[in-house]
Amino acid sequence: MKNKIVQPGLFGQKHSSRDYTKEECWGKNQFNSSFPASLVAYMYSKGMKPVYIKTNKANETYHTTIESNELLGIDPLSDDAYYNYEAGYAPYEKYYQGEREKIDLVMMNNTSSELLSGLEVKLTALPDNTTKKQPETEWGTEIVMRPPTICFLACSICSNYDKAKDRERLRNMLRNVPQINHWEEIDEVLPHYSKILDSILAISTDMCNKQKPLIIQPIWKTEGNKMRLKEDCLDVFVWSNLSIIQMCCAEDSNNIRRINRFHRTIIWLYKMLLDFVTYDTFDYKRIIRLQSYNLANDKAFALPGSKSHVFLNGPEIVKPRVSKFEIKNIILGGGQDLLSPERRFDAVLVNSPDIFD
């Protein structure tokens, strides 16, 4: 009896919007979201829960764990699980105007077509350039946040205040800020930044018990600045919507003299929520365009490893739970031969053929 030929594929993804037998589905953009989804499924099969970064009522971040079926909204190994990439997420689309914005991963029920979750995916290297010369216990990853992620963050908050009585509560928390007539003018917004931030933090405290996952952040760990994977090299962190806000809150909000990308993100978020309670929707692209404050809009902000470390710090940074020798259980059927090494993780895998032996 002949052995069954295993086609190129990724662990757990029985149904997907990507056909992994085709080389184009292993390109840099596709692989960076599809591999993490299978890593989550693989960890689920091994009884490992992703690290979940959440906030408490004091707006302090802490680590807990989250079951992968809770994260995705479905058992990731189920025949009903459909992995839909770069897709619109209808539950959020009623909150913003304009062209549909695509989110990295939408989990669907393959039988009913029900939308179960919408998640951003950020595959990150550990360490980054700012921490590679530090002791291993102080390593961190760079996390780049795109403007659409801030739109999804705003939508996730709007969904918590959808009912009339809840929307009035949100409106009251936003009233802490005096009326601003020209949001595009730095001189008009900057004096009120501390109150803008206070309003956002008040909202975060208010919905502390209703936060939800928004970002999947897998890490892949190398030997410092060398292009070689550590033996224990893969793990997964998940950021709640409220923990993302904390990325922007490291600086003193009372004495700022200029608006940086972190301040601007908080201002964007406040304006989106203000428009939601005023007009029922917000024009996210118009807000991004007009409230640029002399900064480029290619990204919302980038958090370097020297700053992300405080959020990620824990045993999973020192010793990630998935070995490099388990990657062959996630990338199946010779899929590694279809990779285009245009990004660092792709390149490391292409240059590590031994882990597939």
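Strands β10 and β11 of this predicted model form a hairpin with six residues between them, and Gly-224 in the turn has a positive phi of about 65 degrees. Helices (H or I, at least four residues) and strands (E, at least two) are taken as DSSP runs numbered from the N terminus, and two strands are said to pair if DSSP finds at least two bridges between them. Residues are numbered from 1 along each chain as its sequence is written, and side-chain values use heavy atoms, with hydrogens and water left out. In this predicted model local features need pLDDT of at least 70 and side-chain atom pairs count only at pLDDT 80 or more, whereas totals for chains, interfaces and linings use all residues.

Strand β10 (residues 213-222) runs antiparallel to β11 and is joined to it by eight bridges, with Ile-216 standing opposite Val-238 of β11. Strand β3 (residues 51-55) pairs with β11 in the parallel sense over three bridges, and here Val-51 stands opposite Phe-237. Strand β13 (residues 322-323) is antiparallel to β11 and linked to it by two bridges; Ser-323 of β13 is the bridge partner of Asp-232. Strand β11 (residues 229-240) is mostly covered, in that nine of its twelve residues are buried, where buried denotes under 20% relative accessible area, exposed over 50% and partly exposed in between, for a 1.4 Å probe and protein chains only.

Helix α5 (residues 164-174) packs against helix α7 (residues 193-206) at an angle of about 145 degrees, with the axes 8 Å apart; axes are lines fitted to C-alpha atoms, for helices over the stretch in contact, and angles run from 0 to 180 degrees between N-to-C directions. Arg-169, Leu-170, Met-173 and Leu-174 of α5 make the contact with Ser-199, Ala-202, Ile-203 and Asp-206 of α7, contact meaning heavy atoms within 4.5 Å.

The largest nonpolar core comprises 72 residues, and those with the most contacts inside it are Ile-203, Ile-245 and Phe-282; such a core is a set of buried Ala, Val, Leu, Ile, Met, Phe, Trp, Tyr and Cys residues joined through side-chain atoms within 4.5 Å. Helix α9 (residues 261-279) gives the most to this core, with ten residues. Apart from this core lies another, of 44 residues, among them Leu-10, Val-40, Met-48 and Cys-233.

Asp-104, located in strand β6 (residues 102-109), is buried because its relative accessible area is 9%. Its contacts, leaving aside neighbours within four places in sequence, include Glu-86, Glu-120 and Arg-146.
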